[in-house]
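Reader: I am new to this, and I would like to learn how to read a structure step by step. Could you walk me through it?

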Amino acid sequence: MLLPLFSINTPKPQPFPLGDRPINPPLFLPPQIMRDADRGSTAVGLCLLPSELLHEIFFRLALPELLRVRSVSKALASLVSAHDFRRLYDLRSDRGGGWLFIYKKRPPRDSVLRGFNDRFGRWFKIPVVSAAVAPGEDLYFLAASGGVFLFASNSRRELVAVNIATRSVRRIPPSPMGPRGTASWRRSGLKLVADPSGVDHFRFLFAEMVHNRSVLFEYRSETDSWRAVEAEPEPTGAGSTGIGSRRDVCLNVVQLGLESVVLSCGGGGEEGPAVVLAHRPRFPAGFQGGPPVGFNTSDRFHVYGDGNVAVVRSSVSETAGGGGTTRTRVVTGVELLGLSGDGTEWELTSSAPAAIVEALRWRPYTAMMGCLVEREGVVRMALMSNCRGCWDLAWLSYHRAQGKWACVPVPDCGTTGLNMAGIALSSTFSRSLWSSLSAA
């Protein structure tokens, strides 16, 4: 099944004279570039500009917008698809930045997937859902990697993978655990890994306790089959090598009081990971276990991902409005912990500074959940909260080498009163868009 390339919603542009170009030009092309009536003359005019000026203009576009530029003319398509342009673009834009995806549902079938790019600070509409949704089908968004988006169908109790790069839909056969509804999937215990080569291959892994044993289940799209591997206990003593070399995939299985169960494995070959290890890291004093979702009854909750856990602390607050007050909570602290080298402890990595916490305090909530990913030494965490039917999003990041925290402003994308059906972070989505550009 083929899907159309996604569309984007750009703000109303404000053109500027080329002879008086500001230091920071707008992040879009002049409005006439995309007008069909003037497309031919505009393309010719742009092609007459010096390549250095064209580069400066296009460096300020997000990758979804470069896809639209590609359709203007063959000359511009050749420019933005060139290897030198991609190399310079990656240097200027931090490889296209990270992406935050949310899936919103409006009954009966008016659903939309939106992506927010931290480098360019805007939302993009990604209509990959309509072609994947059958009449009456109820989807929940689970994960994203590269150009692959994974959904769980509650009505059919199956998984649906949509690849935006190849414009295809794949329905995944049931795992050895059997058909599962959306409530059976735990975000901290699953991982989607798209093939970095850009081909239409991906792996989906999830971890579960089966008869009190930790088991990793892996699906590979190239064989369209599942594989189950029982985890081995982490070796201890002089022969222990730690988990540093096997952190390609790290999934949280369960948390019991001060102790967690975490599975780790390497990338694996054609037959999947050779060894899957089970670790039982303990929390330090003052970091006793918390639920995966924050409610009014809990003063903390945990967000797991890629061998890390963020502990979000909160206190009770009274929020006025609607003719009365509502008992809510406000964030009072965020601490990031990571697995120790031998996998036996959760070690404190860093605590969010006061400025970051203060940016979160003005977001009272009655329920909050999150997701967390790490790539190339940058930990990204998204927190999605709800208060009186209004959804709010916060995006935090921690750069290990620099030891710095950041809070990325996320504008509202019309979430009030909607049924939010999934959230995910990805640092590899831009890579899949480069594949689309190269294929031009």
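This is a predicted model: local features need pLDDT of at least 70, side-chain atom pairs count only at pLDDT 80 or more; totals for chains, interfaces and linings use all residues.

Reader: Let me start with the strands. How many bridges join β12 to strand β15, and do they run parallel or antiparallel?

Author: To read strand pairing, look for the bridges and then for the direction of the two strands. Here β12 and β15 (residues 276-279) run parallel and are joined by two bridges. One of the residues to look for is E232, whose bridge partner in β15 is L277.

Reader: What pairs with β15 in the antiparallel sense?

Author: That is strand β14 (residues 259-265), which pairs with β15 over four bridges. Here you can find L263 standing opposite A278 of β15. Put together, the strands make an open sheet of four, in the order β12-β15-β14-β13, and the pairing is mixed. At its edges are β12 (232-233) and β13 (249-256), each of which pairs on one side only.

Reader: Are the faces of β15 buried or exposed?

Author: For a strand, check the side chains on each side in turn. In β15, V276 and A278 point to one side, L277 and H279 to the other, and all of them are buried, so both faces are covered.

Reader: Which residues have the most contacts inside the largest nonpolar core?

Author: The general idea comes first: in soluble globular proteins, nonpolar side chains tend to be buried together. In this model the largest such core has 35 residues, and F58, L66, F85, F101, F141, F149 and F151 have the most contacts inside it. Helix α2 (residues 51-58) gives the largest share of this core, four residues. Another core, of 21 residues, lies apart from it and includes A352, M368, L372 and L383.

Reader: What is F141 in contact with, leaving aside its neighbours within four places in sequence?

Author: Its contacts include F101, Y103, F149 and F151, and also A421, G422, I423 and A424. Some of these names return in an aromatic cluster, which is formed by W99, F101, Y103, F124, F141, F149 and F151.

Reader: How many aromatic pairs are there?

Author: To read a pair of rings, look at the distance between the centres and at the angle between the planes. The count comes to 19 aromatic pairs. One of them, W99 with F101, is stacked, at 6.1 Å centre to centre and with 5° between the planes. Both W99 and F101 are buried. Another, F206 with W226, is edge-to-face, with centres 5.7 Å apart and 80° between the planes. F206 belongs to strand β9 (residues 202-210) and W226 to strand β11 (residues 225-230), so this pair ties together parts that are 20 residues apart in sequence. F206 and W226 are both buried as well.

Reader: What lies over the face of W185?

Author: A ring can also have a charged group over its face. In this case R180 is the residue over W185, at 4.6 Å from the ring centre.

Reader: Where in the chain is confidence lowest, and where is it highest?

Author: The chain averages a pLDDT of 76, and 72% of the residues score at least 70. Confidence is lowest in helix α1 (residues 39-47), with a mean of 54, and highest in strand β20 (residues 346-351), at 94. Over residues 1-40 the pLDDT stays under 50, although the model has 74 contacts beyond four places in sequence for them. Residues 238-242 also stay under 50, with six such contacts.

Note on methods. Residues are numbered from 1 along each chain as its sequence is written. Side-chain values use heavy atoms; hydrogens and water are left out. Rings of Phe, Tyr and Trp (its six-membered ring) pair if their centres lie within 6.5 Å; planes under 30 degrees apart count as stacked, over 60 as edge-to-face and the rest as tilted. Buried means under 20% relative accessible area, exposed over 50%, partly exposed in between (1.4 Å probe, protein chains only). A charge sits over a ring if NZ of Lys or CZ of Arg is within 6 Å of the ring centre and within 35 degrees of the ring normal. pLDDT is the predictor's confidence in each residue, from 0 to 100. Contact means heavy atoms within 4.5 Å. Two strands pair if DSSP finds at least two bridges between them. A nonpolar core is a set of buried Ala, Val, Leu, Ile, Met, Phe, Trp, Tyr and Cys residues joined through side-chain atoms within 4.5 Å.
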